[in-house]
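Student: I work with computed structures and would like a close look at a single part of this one. Please take me through the sheet, how its strands pair and which side chains go with it.

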Amino acid sequence: MLKPLHKNVILKKEKAEKESKTASGIILTDNNKNKPSYATVVAIGPETETNLELNDKVVYKEYSGTDVKLDEDEYIIVEDKDILAILD
């Protein structure tokens, strides 16, 4: 498992929607679709100064952070200042 340092937060990305097919069987990929910029908090760095808790669903800045893939799961490591909101 990843353990964040300093003011970093590790977020587990939401799974992208499954591929879709047209009525004639053509598979439509999601390459051009915007991926959601929300995720679930899985680890919080020791110097983080936010109200975040584990398992919070959050919105983060779209082009921030570092992507990491472990096994089949995708994570993003962002600074706490790049998290914009907590979803209720």
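Tutor: Let's begin with burial: a residue is called buried under 20% relative accessible area, exposed over 50%, and partly exposed in between, using a 1.4 Å probe and protein chains only. On that scale, 24% of the 88 residues of the chain count as buried. A word on where the values come from: this is a predicted model, in which local features need pLDDT of at least 70 and side-chain atom pairs count only at pLDDT 80 or more, while totals for chains, interfaces and linings use all residues. Numbering starts from 1 along each chain as its sequence is written, and side-chain values use heavy atoms, with hydrogens and water left out.

Now to the strands. Helices (H or I, at least four residues) and strands (E, at least two) are DSSP runs numbered from the N terminus, and here the chain has 0 helices and 8 strands. Two strands are said to pair if DSSP finds at least two bridges between them. Strands of a sheet pair through backbone hydrogen bonds, in either a parallel or an antiparallel way. Your sheet is an open one of 6 strands, in the order β6-β7-β1-β4-β5-β8, with antiparallel pairing. At its edges stand β6 (66–70) and β8 (83–87), each with a single partner strand, so one side of each is left without a neighbour in the sheet. Neighbouring strands are turned by 40° against each other on average, direction ignored; the axes behind such angles are lines fitted to C-alpha atoms (for helices over the stretch in contact), and angles run from 0 to 180 degrees between N-to-C directions.

β6 pairs with β7 (residues 73–79) in the antiparallel sense over 5 bridges. Along this pairing, T66 stands opposite I77, and D67 has I76 as its bridge partner. The hairpin of β6 and β7 has 2 residues between the strands, and D71 there takes a positive phi near 55°. β7 also pairs with β1 (residues 8–13), again antiparallel and over 5 bridges, with V9 and V78 as bridge partners.

Several of these residues return in the packing. A nonpolar core is a set of buried Ala, Val, Leu, Ile, Met, Phe, Trp, Tyr and Cys residues joined through side-chain atoms within 4.5 Å. The largest one has 10 residues, including V9, I76, V78 and L52. β1, β4 (38–44), β5 (57–60) and β7 each supply at least two residues of this core. With contact meaning heavy atoms within 4.5 Å, L52 touches V9, V41, I44, V58, I83 and I86, not counting residues up to four places away in sequence. Across the chain, 62% of contacts between residues at least 6 apart in sequence join residues at least 24 apart.

Charged side chains make links as well. Side chains of opposite charge can pair when their charged atoms come close. A salt bridge here is a side-chain nitrogen of Lys or Arg within 4 Å of a carboxyl oxygen of Asp or Glu, and the structure holds 4 of them. One of these joins D67 to K13, with the closest N and O atoms 2.7 Å apart. That pair links distant parts of the chain, D67 in strand β6 and K13 in strand β1, 54 residues apart. D67 is exposed because its relative accessibility is 52%, whereas K13, at 22%, counts as partly exposed.

K12 and D73 form another salt bridge, at 3.6 Å between their closest N and O atoms. This one runs from strand β1 to strand β7, across 61 residues of sequence. K12 is partly exposed at 30% relative accessible area, and D73 is partly exposed at 22%.

Finally, K7 and E49 meet in a salt bridge at 3.9 Å, N to O. K7 lies in the segment before β1 and E49 in the loop between β4 and β5, 42 residues apart. K7 is partly exposed at 33% relative accessibility, while E49 is exposed at 65%.
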